[in-house]
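Biologist: I would like to learn how to read a protein model. Please take it one feature at a time.

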Amino acid sequence: MQKLIKALLSDAPTATGSHQHSPSVEAAGESLPKLAPRPVRADEVFDAAPLRSQLASEAKKSKTQSSAAKKQIARLAQQVAERLASCGWAVLDGLFDSSESAAVRAEMEQLEPHFHASEIWVGHQAAVGAQMTMPDIRGDRVLWMCGHHPQRSSTPWSHANTSQSGSDFAPGEDPHALQPCSSSIRQTAREETAKPSLRTGGARRVQPSERWLNRHLSGMLDAMDALVLGLKEAPNTGRCANLADRSDAMLAVYPETGARFQRHVDNTAGDGRRLTFLCYMNEEWGATDGGELCVHPTGSQPVLVAPAAGRLALFFADAMPHEVLPARRHRYSVNVWYYDTEERARAEHEAATRGRIGGGTGAAPISDADNAAAKGFLQQVLGGGNGRPAERAELERLANEAERLPSGAAHVVAQVTMGSRAAPDVKPTDVAASLRAMVPAALDALRGDLSVMRTS
């Protein structure tokens, strides 16, 4: 019974759903490399200077300068493509100077009161499981930002993001500006930053400055987009050849209380995410501050990447195990994921026709109500005990709760606890019977496995 539950941060339940980053956590007991991690070497870090032409402070360039910048970016992209092909990861330094880093961080700090605790996806499949907050596994706080996607109508590179439509915005709002995806947060953030003269009734006219309300963050995304466009167009680009569009941007902060993110892989169910791209804005980050990104290349020594200001890190979202070590200082980052065209199309088709991505057939889509009920039940299973040995009465209580689950929620719980062994027509009474068949020591072992995974 020790393996009944594995917290798997697999993928989003739908290709365009709200769970935009749900990676797969490796459970305790799996075979992990024994090699000690090493810091990234200076000769492994590329110079991001060519990308500075995309920043807001560098935006006004002559045609000659712009042409030269494009050539420099193309050369840099080729180097990064070769590194990704050989190692699966790449690091660049020097995107910001200190003032630019401070400006980006200030925009994040302005929004930080609206960040929320991140969640992990508990389940064996992308569409079957529950979003749960487990800060010992994943301790960052995040905010999703919509808008400001790379739009280049003359190429198939990208298009406006489909996660929102015009109806999601109030009259006068600019759907192309980089703003929080949540309409309520957008309104609150706008009120916090608006001048008194702008707080008038009726339809609100878009102010010239609104599109660049988060202009330093927008410039940073422009730089990241420019490099990935270069990767797509580079000769011998390999697995980056079909990149097209990206996710919304996820702002993240790891509190200085030791927040971490356990070793995981971002895309384990084929949701289309091919490349993970991060940017950091943490000035004077020291060796004792922790919070390093640690990538685990197959068969190689793990590599530590400190989250220094102006540093960029890329790796394959579907192949590179990685983790964030405990942070001893407030740690800021921005994450985006770039999609592979073909895999993304398959994922969207699966989501539309089967209600899930990556594995499983024949089951009906899982409703939000079913997921909520399953989440509440799993929280009871995983959160009980409080260090005390389990008792038969506790198993009976959980079994009684299971009998009251909706059928869809029972299916979710069965998939989480039994994976591929779960029958597609599992009933609440089946879940209850499984619990009654357990002995208290088995429930202790189950919780012990999860505890080891959360603190390893």
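Modeller: Start with burial: buried means under 20% relative accessible area, exposed over 50%, and partly exposed in between, using a 1.4 Å probe and protein chains only. In this protein of 456 residues, 53% are buried. This is a predicted model, in which local features need pLDDT of at least 70 and side-chain atom pairs count only at pLDDT 80 or more, while totals for chains, interfaces and linings use all residues. Residues are numbered from 1 along each chain as its sequence is written, and side-chain values use heavy atoms, with hydrogens and water left out.

Biologist: How many helices and strands does the secondary structure come to?

Modeller: Helices (H or I, at least four residues) and strands (E, at least two) are DSSP runs, numbered from the N terminus. Here there are 10 helices and 18 strands.

Biologist: Which residues touch the most other members of the largest nonpolar core?

Modeller: In soluble globular proteins, nonpolar side chains tend to be buried together. A nonpolar core is a set of buried Ala, Val, Leu, Ile, Met, Phe, Trp, Tyr and Cys residues joined through side-chain atoms within 4.5 Å. The largest one has 48 residues, and Val-80, Leu-95, Met-220 and Leu-314 touch the most other members. Helix α4 (residues 215–233) gives the largest share, nine residues. Another core, of 23 residues, lies apart from it and includes Ala-374 and Met-438.

Biologist: What is Phe-315 in contact with, leaving aside its neighbours within four places in sequence?

Modeller: Contact means heavy atoms within 4.5 Å. Phe-315 sits in strand β16 (residues 312–316), and its partners include Trp-89, Asp-266, Arg-274, Leu-293 and His-322. Phe-315 counts as buried because its relative accessibility is 1%.

Biologist: Which cysteines form a disulfide?

Modeller: A disulfide is a pair of cysteine sulfur atoms within 2.5 Å. A search of the whole structure finds one: Cys-146 and Cys-181, with sulfur atoms 2.0 Å apart. Cys-146 lies in strand β8 (residues 141–146) and Cys-181 in the loop between β9 (179–180) and α3 (183–193), so the pair ties together parts 35 residues apart in sequence.

Biologist: Is Cys-146 buried or exposed?

Modeller: Cys-146 is buried, because its relative accessibility is 6%. Cys-181, at 17%, is buried as well. Cys-87, at 32%, counts as partly exposed.
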